[in-house]
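Please look through the model below before reading on. The paragraphs that follow lead from the conventions to the fold and then to its details.

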Amino acid sequence: MFASQPRLDFAVVGVQKAGTTALFHFLSQHSRIAMPGDKELHFFDDDRRCWARPDYRDYLSRFPRRRGAIRGEATPSYIWWPNALERLWLHNPHVRIIALFRDPVARAHAHWRMSRANGREPLDFSSAIRAERGRLPAGTADDGRRHYSYVERGFYGAQVERLLSIFPRSQVLMLRQDDLAQHHGETLARVFDFLGLEREYVAPDRIFDGAADLPVSAADEAFLANAYAADLERFSALSRLDVSRWPSADPDRRIIAPDGCQTFRRESFGGVTSIMPLSSGVP
């Protein structure tokens, strides 16, 4: 049972472009879930707030008041943004965490398409993923890092390792986007059970899926699959999710650049391990 004191009871923390909008839509229909009218409140990833003495009143006022309901929200950058998970733990160390994942190459391309559609990205996909290291200065947490982090957000292994260093596995539910898309009722039942709620029927619905106008080129797919190879193994082991059907997990899609060509190295980006130091206040 969740405590009755005002606090967040669960959060969908990621990942971006992996079905969080659909899950938000479905969970909002449960009679005992109180979710805000808008998805992505971006509270715990707001670096402008005073986190030495956080004031949660304006945040909690965004949730409708319903007797017997639990509060939940979905901001998919929480799993990746510096200190967001630590801040969430300090707010409620017993909060339940839900995270969805998809093939990191497909995620990166969907992210780039969103940035292009929003007018933020002048580069084509191939140029953007190769220029990313120089566009994301180490140790910064600015808007550029939010919008141009196509590759870096796909290092799921590092993110899940950090997540499980803050929250016990019993408080974390990890799913694949395909689970929600292909096994709608079964997946929602798992989510409701995880949240300690009665199972309710929620009709399947086709939520915006951002279908690609152009496929990812074989060269770009290989470039990214090679970059993600080691981290993807790490992610699969930590998450206990089967990712064998993800294209980026297929060794045949990975290539080694010939001599004289630039290769992508995991340490080039640093990922969450270099920009998201763990808070000393969190066990």
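Helices (H or I, at least four residues) and strands (E, at least two) are DSSP runs, numbered from the N terminus. With that convention, Glu40 has its place in the loop between E2 and helix H2 (57–60), and Glu40 shows a positive phi of about 65 degrees although it is not a glycine. Most residues other than glycine have a negative phi, and most peptide bonds are trans.

This is a predicted model, in which local features need pLDDT of at least 70 and side-chain atom pairs count only at pLDDT 80 or more, while totals for chains, interfaces and linings use all residues. Residues are numbered from 1 along each chain as its sequence is written, and side-chain values use heavy atoms, with hydrogens and water left out. The protein chain has a mean pLDDT (the predictor's confidence in each residue, from 0 to 100) of 87, and 83% of its residues reach 70 or more. Over residues 258–283, however, pLDDT stays under 50, and the model has 52 contacts (heavy atoms within 4.5 Å) beyond four places in sequence for them. Where pLDDT is low, the predicted coordinates should not be read in detail.

Turning to the sheet, five strands form an open arrangement in the order E2-E3-E1-E4-E5 with parallel pairing, where two strands pair if DSSP finds at least two bridges between them. The edge strands, E2 (33–34) and E5 (172–176), each pair on one side only. Strand E1 (residues 10–14) runs parallel to strand E3 (residues 70–74) and is joined to E3 by three bridges; Ala11 has Glu73 as its bridge partner in E3. Helix H1 (residues 20–27) packs on the sheet, touching E1, E2, E3 and strand E4 (96–101), and its direction makes about 160 degrees with that of E1, where axes are lines fitted to C-alpha atoms, for helices over the stretch in contact, and angles run from 0 to 180 degrees between N-to-C directions.

Between E1 and H1 lies the loop that holds Val15, and a cis peptide bond, with omega about -10 degrees, joins Gly14 and Val15.
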